[in-house]
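Hi,

Here's the structure I promised to pass along. Have a look at it first, and then read on for my notes on what turned up.

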Amino acid sequence: MEAVTGAIMSALIPKLGELLKDEYNLDRHVRKGVKSLQTELMMMHAALRKVARVPRDQLDEQVRIWAGEVRDLSYDMEDSIDDFSVRVLESQDSQPTHMGRVMKVLSMIKGLFIKGKDVHQISKAITEAQDLAKELTEQRQRYELDMPRTSTVATIDPRMLALYKDGSELVGVDPIRDELIKKLIDEDGVSNEEQNLKTISIVGIGGLGKTTLAKAVYDKIQAQFDCVAFVPVGQNPDLKKLLKDIFYGLDKQKFKEIHDTAKDEKLLIDQLGEFLMDKRYLIIIDDIWEEKMWRHIKCGLSKNNLCSQVIITTRKVSVSEACHSSCDDIIHKMEPLSNQDSQILFYRRIFQSENVCPHELEEVSRDILKKCGGVPLAITTIASLLVSKCQIMQKDDWLHLLNSMGHGVTEDAILEEMKGILLLSYYDLPSHLKTCFLYLSIFPRDFEIERDCLIWRWVAEGFIQRDKVNSRLFEIGECYFNELMNRSLIQPERINEEGMVETCRIHDMVLDLACSLSSEENFVCILDNAEWHTPNLQKKVRRLSLHNSHHFDSTSLSKVRSFLVFSLTSCDWLPSLSSFHFLHVLDRGHCGSHGSSSGISVKNVGNLLHLRYLGLRGADVDQLPVDIGKLQLLQTLYIRGTRIKELPASVVQLRQLIFLCVYEGTRLPKRMGNLTSLEVLERVRLSLSPHIVEELGYLTEIRTLTVDCYEINEDMFSILVESLGNLRKLQNLQIWYVGRLLDLMREGWMPPAILRSFESWSRGDMFLRLPQWIDPASLPLLSSLVIGVEELHGDNIQIIGTLPALRSLRVRALRVTGRLVVRASAFLSARECKFFGFPISPCLFPPSAMPGVQRLVFRISARLVTRGEVDCSMRHLPSLERVDVRVSRDDGDDCDDEYAKVALRRAADEHPKRPAIHMC
């Protein structure tokens, strides 16, 4: 509660300062009240920061009551200020520009009357808040506590990503993984037993690493199967969605629209069996809780005698036994890490080495590990706490932490003790991160959270405050996200080619903690029929997350600030959206396919004057209300995947809009150049909105831009190049179907030096030659390059390889002029390199080049391999994990093709890391 209140005040106090500006024209008495209230709240804020350092169960009941009163005061005062500010903005924008003199006078009188009424209301609210604040201030002195230590935000600690990057590198996983694989498949990729479908169930409590082990097995053997899928289930799964997830995982291209279909369970099960009938498949069913759910899934798994494998993870022994239906099936019980593996994991996280520890910390390290009980989640959480500021704490801090751990993780009370360990991490968070952490409780179990959307929601809620005049809120939010990851409170899920985390998940035990704390502090109300989520009807609901349809007294919803819908069923019992007067965040983009509408209409969304975030991704919506321009505070508008064909003209009035993602078939209105706050503009088809070509040049704050030039008039190419030239803050550019435009960009466009990614990859999109601006001096920060070149010169690969920040490369060429040359200093930061359209081989890259490349894609001539003219060796590329090769037969025969594939496979086997190799 104290952390929540502190975060609210961090947003409220600056807003009070805003009221003192001349534009609001408050009288002297009101201004004096604002200043007095501001001082009182600043004093309360200081006291709350002290209170926030003390675990809730150690606080006196009077302190909790006091903090709760301060929280409600802060919420109500912020609502009043927001309401006043919105009405002032509304009155300023509501006067028509073309009217007669008499109408202008009448409009002015009406505006003064309305403004006078609003000033009276805000004056009354301030007076009431001032009286309550003074009353609360009189109680403050008796609750003095130690001041908390400060904390700073950070970039992602590289030691953290290393823990999640690859299951094969996680401590204690290798031997268990290899043991399970040996039971499934022999060295030649053939089933050890008969060719029947085989099931392995991995069972154990939360935090022991079941998912990690399953993922490690999956990554190691997936190349040996025709199709694979890794599907999380969770505690309250929807069978139809789960079956669709399996389809999508097995073939993402073929089933890319599967979630938009209205098929029932029986049809899906029947079609799944038909699809798998002639395929060797590997399916991971992660975190299944009920035997009934397994029985349904099993009905769709074809027993085709092709050595197919299914791996399930579960916390329940009864579920694992239900999966054990034949003598070939295996139950693997997870055990805690050994003392040695526990120490390795602990040391790696803290010291980046598995056997280096300062002598003075050795004893306390052993004592801490003893209390962690070999549970990986406990070990990584505690270790992250000890390096939470990217530096190792002093011995006194270690001893203090050890004494705070109680009895530690024991078999008798492992779940309760794990919660205690996780609480240590929570209480170590600064107040702004506590609030961001509690917001994670709004998501369902096993939900894959998009990082950017999460950060924009934090921004909309006011959790993120600028620390510098010119700093961007999103970039500050990135630091918040990274710090929560560094502390092991969130786990990376999907990491892109640039090494950036795109999505994350929350471990079940961490989510349970977040939900428990959130419920105690009345931070989020979750409707999903779970006992501890049941809302307290005596309290005002501030954030509402709908996981399953649940009838609920809507009279307590008038103060809701965030409303997220994850339910697949109808929500017709909810009141109209217009009754959510103070709504900041509305996201109904998680309620399934177009055939599974949540029943929540956006018809009245134009009345939600406080709305900052509107997320409709994939929702069953075909139009936005014409008065959406009234939402003067709207920052994020996400309508990708809807059926919206055209944005209303009033969208151009959204002067605070920062993020806009549309569907490729959506038309944009004229005067989009007015949206000068835009930082992200995605999925725009220029041929549908040709006026945007010139107007782009006015959007000078843009840092991420995705445009589709399909069927655009070539006469506009030069205008587009000029507009792109004005975007000097551009960091990410994706441009598709550009045709001849690329030649103009090669000669007439100079990208900003801060450009981090450039992508132009569609049929026929090729530069005539490599642009001169692709060089280390012009693009020192470029980390991802996707490009096509008709004619590749001999030194072009070397030039690309000298880009100092390049992590991911995808290059296509029609022909090569001269001999390709690459020196030892090339591709020093690269992690993924893909070469298409021209023959190349690993021997082109000398030792010391590509030291960190983990994935390599190339085309090779089977005839040249057979003749011995090309060396297939890969040993000099030390970090290789996966190789994809297109073997070109040229004029050779089947023998050349087979010989080349054998040689390539032998080269992969001789590599120290034995990378997975895929050939076609």
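**Cysteines**

C323 is buried, at a relative accessible area of 2%. C479, on the other hand, comes out as partly exposed, with 25%. That puts the two on either side of the cut-off, because buried means under 20% relative accessible area. As for disulfides, the structure holds zero of them. Before you go further, do keep in mind that this is a predicted model.

**Aromatic rings**

How many aromatic pairs are there? The count comes to 27. One of them is F758 with W773: the ring centres are 5.7 Å apart and the planes sit at 75°, so this pair is edge-to-face. The angle settles it, since planes over 60 degrees apart count as edge-to-face.

For F225 the charged end belongs to R280, 4.5 Å from the ring centre. For Y426 the charged end is that of K434, and here the distance to the ring centre is 5.7 Å.

Most residues other than glycine have a negative phi. D287 isn't a glycine, yet its phi is positive, about 65°. You'll find D287 in strand β3 (residues 281–288), and its relative accessibility is 6%, so D287 counts as buried.

R671 is another non-glycine with a positive phi, about 70° in this case. Its setting is the loop between β15 (659–661) and β16 (680–685). Is R671 buried or exposed? At 51% relative accessibility, R671 counts as exposed, because the cut-off for exposed is over 50%.

S320 lies in helix α11 (residues 317–323) and is buried, with a relative accessible area of 1%. Leaving aside residues up to four places away in sequence, S320 touches S201, V203, T314 and I331.

S545 sits in strand β10 (residues 543–546), and with a relative accessible area of 0% it is buried too. What does S545 touch, not counting residues up to four places away in sequence? The list runs to I442, V524, C525, I526, L527, L564 and F566. Finally, S545 and P444 are 101 residues apart in sequence, but C-alpha to C-alpha they are 8.8 Å apart in space.

That's what I have for now.

Cheers

Terms used
Residues numbered from 1 in each chain as written. Predicted model: local features only at pLDDT ≥ 70, side-chain atom pairs only at ≥ 80, totals over all residues. Heavy atoms only, no water. Phe/Tyr/Trp six-rings, centres within 6.5 Å; stacked < 30°, edge-to-face > 60°. Lys NZ or Arg CZ within 6 Å of the ring centre and 35° of its normal. Disulfide = S-S within 2.5 Å. Buried < 20%, exposed > 50% of the residue type's maximum accessible area, 1.4 Å probe, protein only. Helix = DSSP H or I, 4+ residues; strand = E, 2+ residues; numbered from the N terminus. Contact = heavy atoms within 4.5 Å.
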